[in-house]
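Here is a short tour of a protein fold, written for someone who is just starting out. Have a look at the sequence and the model, then read on.

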Amino acid sequence: MKTSKLTFRLQEIPDGESNKSVALGDAELDFNDEVSLKKANVEINFYKTDHFVQVKFSVIADLNLVCDRTLEPFVYKTEGSYHIVFEPNPVEESETEEGAIRQIPADDLLINIDKEVRDTILLNLPIRKIHPDLLDSDGKPEKFETQSFGPQPDEEELIDPRWEKLKKLK
């Protein structure tokens, strides 16, 4: 069984507060075809007691994206944070934008935060992926010129002749 860098054994996490830094390379997190990870740095803060384990992390990632306008590839830098509380007792699992509550799996005592790190990165992606060369100094997309090829139709040519016949039926 292959374990990721973001899987931690409960016994190896010291009691109290502890920190860990994990560097991720390409293909270490599963993304869709439009997004790929170039590199990421995950700073993890653990707080372990007898009753729960709290995991807070922040991630800074460089992603390979493709521009929606020009189809040119570019690197997009994103960052985000999230926290998860793992409890050993049966608990109603819940999730919000800022954090989640999960039950610690009793059979293997492993804590895996792959999904949460991947989702934090994906939720910080822009809806429209626009190459930085097409953005102005404020970070807004510049207006672009539309081009049309061939002869331009006249106003009268745009009106469908069938529509004129329907108007005469009144």
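Which residue of β4 does E43 stand opposite? E43 stands opposite S58. This is a predicted model, in which local features need pLDDT of at least 70 and side-chain atom pairs count only at pLDDT 80 or more, while totals for chains, interfaces and linings use all residues. Residues are numbered from 1 along each chain as its sequence is written, and side-chain values use heavy atoms, with hydrogens and water left out.

**The sheet**

- Strands (E, at least two residues) and helices (H or I, at least four residues) are DSSP runs, numbered from the N terminus.
- Two strands pair if DSSP finds at least two bridges between them.
- Six strands make an open sheet with mixed pairing, in the order β2-β3-β4-β5-β7-β6.
- At the edges are β2 and β6, each of which pairs on one side only.
- In a regular strand the side chains alternate between the two faces of the sheet.

**Strand partners**

- β3 and β4 run antiparallel and are joined by twelve bridges; they form a hairpin with four residues between them.
- β4 also pairs with β5 in the antiparallel sense, over 14 bridges, and K56 has H83 in β5 as its bridge partner.
- The hairpin of β4 and β5 has six residues between the strands, and L71 takes a positive phi near 60 degrees there.
- β5 (residues 73-87) and β7 (residues 99-103) pair in the parallel sense over five bridges.
- β6 (residues 94-95) pairs with β7 in the antiparallel sense over two bridges, and these strands form a hairpin with three residues between them.

- Helix α1 lies across β3, β4, β5, β6 and β7, running at about 50 degrees to β4. Such angles run from 0 to 180 degrees between N-to-C directions, with axes fitted to C-alpha atoms, for helices over the stretch in contact.
- A nonpolar core is a set of buried Ala, Val, Leu, Ile, Met, Phe, Trp, Tyr and Cys residues joined through side-chain atoms within 4.5 Å. Buried means under 20% relative accessible area, exposed over 50%, and partly exposed in between (1.4 Å probe, protein chains only).
- The largest nonpolar core has 33 residues, and those with the most contacts inside it are L6, V42, I44, I113 and V117.
- Two or more residues of this core come from each of β2 (16-25), β3, β4 (53-66), β5 and α1 (114-123); β4 gives the most, with seven residues.
- In soluble globular proteins, nonpolar side chains tend to be buried together.
- Contact here means heavy atoms within 4.5 Å.

**Aromatic pairs**

- Rings of Phe, Tyr and Trp (its six-membered ring) pair if their centres lie within 6.5 Å; planes under 30 degrees apart count as stacked, over 60 as edge-to-face and the rest as tilted.
- The count comes to three aromatic pairs. One of them is F8 with F46, an edge-to-face pair at 5.1 Å centre to centre and 80 degrees between the planes.
- F8 lies in β1 (residues 7-9) and F46 in β3 (residues 36-48), so this pair ties together parts that are 38 residues apart in sequence.
- F8 is buried at 8% relative accessible area, and F46 is buried at 3%.
- Y47 and F52 form a tilted pair, because their ring centres are 6.2 Å apart and their planes are at 40 degrees. Y47 is partly exposed at 36%, and F52 is partly exposed at 26%.

**A buried arginine**

- R102 is found in strand β7 and is buried, with a relative accessible area of 14%.
- The side chains of R102 and E95 are joined by a polar contact of 3.0 Å. A polar contact is a pair of N or O atoms within 3.5 Å; within protein, one must be able to donate a hydrogen and the other to accept it, and residues adjacent in sequence count only if both atoms are side-chain atoms.
- Leaving aside neighbours within four places in sequence, the contacts of R102 include I84, V85, F86, K115 and E116.
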